[in-house]
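My entries follow in the order I made them.

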Amino acid sequence: MNLGLAFDPLVSLPLLIAAGAVAGVVALLLIFARTRGAWLRTLALALAVLALANPSLTREEREPLPTVVAVVVDKSTSQQFGDRTQMTEAARAELEKRLDKLKEQGAEIRFIDAGAGAGEVDGTRLFTALSAGLADVPPERVAGAIFLTDGRVHDIPATMAALGFHAPVHAIISGHEGERDRRVALTSTPRFGIVGQRQTIGYRVEDEGAPAGARVPVTVRRDGAVVARPVVTAGQPAEIDVEITHAGANIVEIEAAGLDGELTPVNNRAAVSIDGVRDKLRVLLVSGEPNVGERTWRNLLKSDANVDLVHFTILRPPEKQDGTPINELSLIAFPTRELFQQKIKDFDLIIFDRYAQTGVLPMIYFDNIVRYVEEGGALLVAAGADYTSEGSVFNTPLESILPAGPTGNLTEEPFRAKLTSAGERHPVTRALPGSQNDPPSWARFFRVIDSRGVRGTSVMDGPNKEPILLLDRIGQGRVALLLSDQFWLWARGFEGGGPYIDLLRRLSHWLMKEPELEEERLSMVARGPDIVVERQTMGDSVPPVVITTPTGATRTLDLTAAEPGLFRATFPADTLGLWRAANGDLTALVNVGPLNPREFAEVTSTTQTLRAPLAETGGGVWRMADLAGGVPRVVAVRSSDRFAGEDWLGLSMREVSVVRGLGLFPLFAGLSGLLILMAGIAAAWAREGR
């Protein structure tokens, strides 16, 4: 209980001051005039002024509040290297025992974990965690803070005044003196690259705790495959040229050989993701006699700004003789030699749209097309009645690469095309809009070319299970065969049309080897706080995926069927860095967070980073390995400016309380005030009357 005196004037403060001044002047005149009873009159005036001030006796009921001590435990990735985790946990347990003595003195101990998980920011942020953990504590209640960390902290404020409290902050450092480590740092990383061209990546191998200038073997991988093995000098900048082989993410890893006795090999590897962009997809479209489906192909290919289309329609075969003078013809000569011999390899895709051999292309050029496909090119044959004629392209050297030959017959009846069991899994036709219905909600076709000798993969069929769309791989290239000339009905909206844009675009991009349309593919992508793993396959099941974390640990992950031919799993991305997935011969990579995480940039423990900033608060820095029990003695300091010694740390104990009750007794209220005033006046009157 605390007693005090409080004032609540009955008049405004200026009037009270004026009344006091008048009373003071009158009292001085009485005293200097030596008037009888002057002192008693002065007392009476003082009591009158005091009554106007309305004094009250106060009684406070106070409850003491505990002093708060914060212990911030670094749980960041760098704390997992070496024996730091074990050292930190042992130090935490010992520190908790020593802080128990402060609880008996009314202290509150708060343990705050910081840096666990990948989070939304890069680096170890202990001061941010400290501020968040003490957000509900008034500054005058904070006795101090203790960090259990490896010393690599990335949010040290410019001045300790930014903490918002005046109390010592200490650090107890895990790890050992003289640690060694090697890391790869990226210095220049292109974000985009043209497919087929090369991009330059700048990097540097840095050794910490080891002599500079060592010759270091480096392995460079693109999408998991080794592309170069240079030898560089540690500490010196280096560059590597890497070819961009496909559209989408090209993950390039640069890994340096290990350093003897180094702390961890995790940061010996750095990765950069370069988005491959195709300059132009060059497509050669050769149409036979004009037909209603020709415009469908042309419009589809011309609508894609990334496609450079070369289109020829055979309107006048060489043998046609109608007497028209050559100089009166406005037709462009078909540059067969230039297209099919000199520049054939410049094209990403060749399409024959209902083309029948009429002598325009010599047989040797079809041989060139076969070699073009076997060496990695793509061929699409959109067949019609021409495929059953004597001039069919099947009756050329293309017979060796086409996935089916004609029987010579046509099936002409209304039917709805549908996906085969393989088509339900194949990325070209999987989940094609309308295919989920039975029969599919597509417009009917009225003709299909009967085929024989079918090979490859049939993804769409018609009546009597006659294949409509066949896909095949020939050597390093790909071939597709459309055995119905009715797809233009979908484009015209007949009976509601069909997904011709989706189908034909997927088909053309599969032929041009877009990675997303590979039948057997493993992919990883970071989505928010999670990583999504997807496995495309033509099989009914897939084995578990082996996940390698950025720290080198491995785990297995079971995938569940999301769609036919597509298996998926999601897991939390709890560590920054490069994640790897492996499933048989397939691998996938994804980088979570920045390309050079701060957690892996400098991993050796240090006492120097925090020493100067914490000294501003009066705190100290110690190594766990140098202290008995891993922590210094804890001392409660109440009246000293020194908070750290060789083997002890001090905490500023505070005496803070909160008012729970308040009592007031007005001195001049009611009868008591009247009696006091009358007593003063009576004493002055009695003295004057003598």
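Entry: I looked up helix 5 (residues 294-302) and helix 10, whose axes come within 11 Å and cross at roughly 70°. Angles from 65 to 115 degrees count as roughly perpendicular, so I noted helix 5 as roughly perpendicular to helix 10. Next I listed the residues that make the contact. Helix 5 brings Thr296, Trp297 and Leu300, and helix 10 brings Tyr500, Ile501, Leu504 and Arg505.

**Entry: confidence.** This is a predicted model, so I checked the pLDDT. The chain has a mean of 84, and 88% of its residues reach 70 or more.

**Entry: nonpolar cores.** The largest nonpolar core holds 39 residues, and those touching the most other members are Leu380, Met460, Leu482, Trp490 and Leu507.

**Entry: helix 12.** Which residues of helix 12 (residues 608-615) are buried? I got Leu610, Pro613 and Leu614. Seen down the axis of helix 12, these buried residues fall within an arc of 95°, so they line one face of the helix. In an α-helix there are 3.6 residues a turn, so residues three or four places apart point the same way. Gln608 and Ala612 are exposed, on the other side of helix 12. I looked for what covers the buried residues of helix 12, and the cover includes helix 4 (126-133), strand 5 (142-149), strand 6 (169-173) and strand 34 (621-623).

**Entry: methionine 160.** I found Met160 in the loop between strand 5 and strand 6. Is methionine 160 buried or exposed? Its relative accessible area is 5% and buried means under 20%, so I recorded Met160 as buried. Not counting residues up to four places away in sequence, Met160 touches Phe127, Pro613, Glu616 and Thr617. Methionine 160 and glutamate 616 are 456 residues apart along the chain, yet their C-alpha atoms are separated by 6.7 Å. Pro613, on my list of contacts of Met160, is also one of the buried residues of helix 12.

Terms used
Residues numbered from 1 in each chain as written. Predicted model: local features only at pLDDT ≥ 70, side-chain atom pairs only at ≥ 80, totals over all residues. Heavy atoms only, no water. Buried < 20%, exposed > 50% of the residue type's maximum accessible area, 1.4 Å probe, protein only. Helix = DSSP H or I, 4+ residues; strand = E, 2+ residues; numbered from the N terminus. Arc of directions from axis to C-beta. Contact = heavy atoms within 4.5 Å. pLDDT = per-residue confidence, 0-100. Core = buried A, V, L, I, M, F, W, Y, C linked by side-chain atoms within 4.5 Å. Axes fitted to C-alpha atoms, helices over the stretch in contact; angles between N-to-C directions. Parallel < 35°, antiparallel > 145°, perpendicular 65-115°, else oblique.
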